[in-house]
Amino acid sequence: MPPFLEAVIGRTSVENTSVQNKETVRSCPFDYAQQLEFDPQLRQLLTEEPVSRIRMAYGEGEAWLVTRYEDVRTVTTDRRFSRSAVLGRDFPRMTPEPIVQAESINLMDPPASSRLRSLVAKSFTPRRVEQMRGGTQRVVDRLLDEMEEEGSPADFVARVSAPLPLITICEALDIPEADRPWLRAHAMTMMNVGAAGKQDAVRAKAELRGYFQELTEDRRRSPGEDLISTLATARDGAELLDDDELAVMAMVLLITGQDTTTYQLGNIAYTLLTRPELLHSLQAEPQRLPRTLEELLRHIPFRKGVGIPRVATEDVELGGVLIRAGDVVHVSYLTANRDAAKFDRPDELDPDRPSIPHMTFGWGAHHCLGAPLATMELEVAFSTLLTRFPALRLDVPPADVSWNTTSIWRYPLALPVTW
């Protein structure tokens, strides 16, 4: 345990203070999965108790949940809240096995994380992402060709949203095609929330790590033009990623590079197909797509709850509540994106909304480095889809679409479409 935690973990009182010490603890299983409706418990916490005390399905003890946009920004940028301090703790979480690993950039604080982010950012520069656009376009064209040849109706999830991000990131990492289904299955196992799947998640994480250790060692010896080779040889002055950092970073890229984009492709397609006026406006004015996608990313609650928490390294007053040193603190990007203090009419989907940064890709030192790649994939996929299939529509009533209920994400398991 870090020394500062040993010093404060047993504290039970704070000298004279005017801020509140919350005693009410809410149970937050974060299991709401009604299509893409917003979780009513999260909405209640945002409006009634924006800094609240919660218990979760897994992990020891309690945590704070911070829901307002400005408070979330504080927690994600203030050095008094540490990601690395969760190491060695059985912190409150959604999954039976923690998804992250010790060497991951997701568990580092600045300045340690700044070094890794600087090295990884070299692989996601605007120029590098633009170079990948042509390859992404070829994949999209091929997938849509196959969907059209197979004929209507078709499952958009099986035909487009599941394969596209996996193919794109695996080609960027130069991962053999034969290995991809195995990698995808292991990544999904790690995201399951069922207690019965803990041992499967532990095994999946270990096997993925072993796979990427071998792969990155090979790229270190014989670098090519792929993203892993770029990371293996990228320098920040004299600094290189060490072997463990490189293996874990490649693993993180595989998981985050296909997981969230897969789900958002399905979610966005469902949203457009159930809002024909929005769909038709994009077909009439395709130049509106980038801005509309940003609003869709803000509006859609594709997570069910929270991610990796932080730990307060000293007493902090936030939203009129005292958070003590050693306390675990979760933030909700979902509620931050629906905060009425930041967004006018936050529950409405308004593509003409004034540009305010959303938090779907995180914030601060842990804002997703792959966000430009994900955005590019979404733009290519939907610009091509809307052009090639102007009569695209759902083949079933919206109420009959089946949704995932076993993972930390919300997304359609299948999306039957016709044209």
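Ser 407 touches Met 191, Asn 192, Val 193 and Lys 304, not counting residues up to four places away in sequence; contact here means heavy atoms within 4.5 Å. The model is predicted, so local features need pLDDT of at least 70 and side-chain atom pairs count only at pLDDT 80 or more, while totals for chains, interfaces and linings use all residues. Residues are numbered from 1 along each chain as its sequence is written, and side-chain values use heavy atoms, with hydrogens and water left out.

Ser 407 is found in the loop between strand 10 and strand 11. Helices (H or I, at least four residues) and strands (E, at least two) are DSSP runs, numbered from the N terminus. Ser 407 has a relative accessible area of 2% and is therefore buried. Buried means under 20% relative accessible area, exposed over 50%, and partly exposed in between, with a 1.4 Å probe and protein chains only. A polar atom of the Ser 407 side chain lies 3.1 Å from the backbone nitrogen of Trp 409. A polar contact is a pair of N or O atoms within 3.5 Å; within protein, one must be able to donate a hydrogen and the other to accept it, and residues adjacent in sequence count only if both atoms are side-chain atoms.

Thr 95 lies in the loop between strand 4 (81-82) and helix 4 (112-121). The residue is buried, at a relative accessible area of 5%. Beyond its neighbours within four places in sequence, Thr 95 is in contact with Tyr 58, Met 190, Met 191, Asn 192, Val 193 and Ile 408. Met 191, Asn 192 and Val 193 are contacts of Ser 407 and are also listed for Thr 95. A polar atom of the Thr 95 side chain lies 2.8 Å from the backbone oxygen of Glu 97.

Aromatic rings form another set of contacts. Rings of Phe, Tyr and Trp (its six-membered ring) pair if their centres lie within 6.5 Å; planes under 30 degrees apart count as stacked, over 60 as edge-to-face and the rest as tilted. By this rule there are nine aromatic pairs. Tyr 211 and Phe 212 form an edge-to-face pair, 5.2 Å centre to centre with 80° between the planes. Tyr 211 is buried at 16% relative accessible area, and Phe 212 is buried at 0%. The rings of Tyr 270 and Trp 403 are also edge-to-face, with centres 4.9 Å apart and planes at 85°. This pair links distant parts of the chain, 133 residues apart: Tyr 270 is in helix 11 (residues 243-273), and Trp 403 is in the loop between strand 10 (393-394) and strand 11 (416-418). Both residues are buried. Ring pairs also join Tyr 263, Phe 302, Trp 409 and Tyr 411 into a cluster.

Two arginines lie over rings. A charge sits over a ring if NZ of Lys or CZ of Arg is within 6 Å of the ring centre and within 35 degrees of the ring normal. The charged end of Arg 53 sits over the ring of Trp 64, 4.8 Å from its centre. Arg 93 lies over the face of Phe 91, at 5.8 Å from the ring centre.An open sheet of six strands has the order 1-2-3-9-6-4, with mixed pairing. Two strands pair if DSSP finds at least two bridges between them. Strand 1 (25-27) and strand 4 stand at the edges, each with a single partner strand, so one side of each lacks a neighbour in the sheet. Strand 1 and strand 2 pair in the parallel sense over three bridges. Strand 2 (residues 51-55) and strand 3 (residues 63-66) pair in the antiparallel sense over four bridges. Arg 53 has Trp 64 as its bridge partner in strand 3. Four of the five residues of strand 2 are buried. Ser 52 is found in this strand and is buried, with a relative accessible area of 0%.

Helix 2 (residues 40-48) lies across strand 1, strand 2 and strand 3, running at about 160° to strand 1. Axes are lines fitted to C-alpha atoms, for helices over the stretch in contact, and angles run from 0 to 180 degrees between N-to-C directions. Helix 7 (residues 163-173) is mostly covered, with ten of its eleven residues buried. Just after helix 7, Asp 174 takes a positive phi of about 60°.
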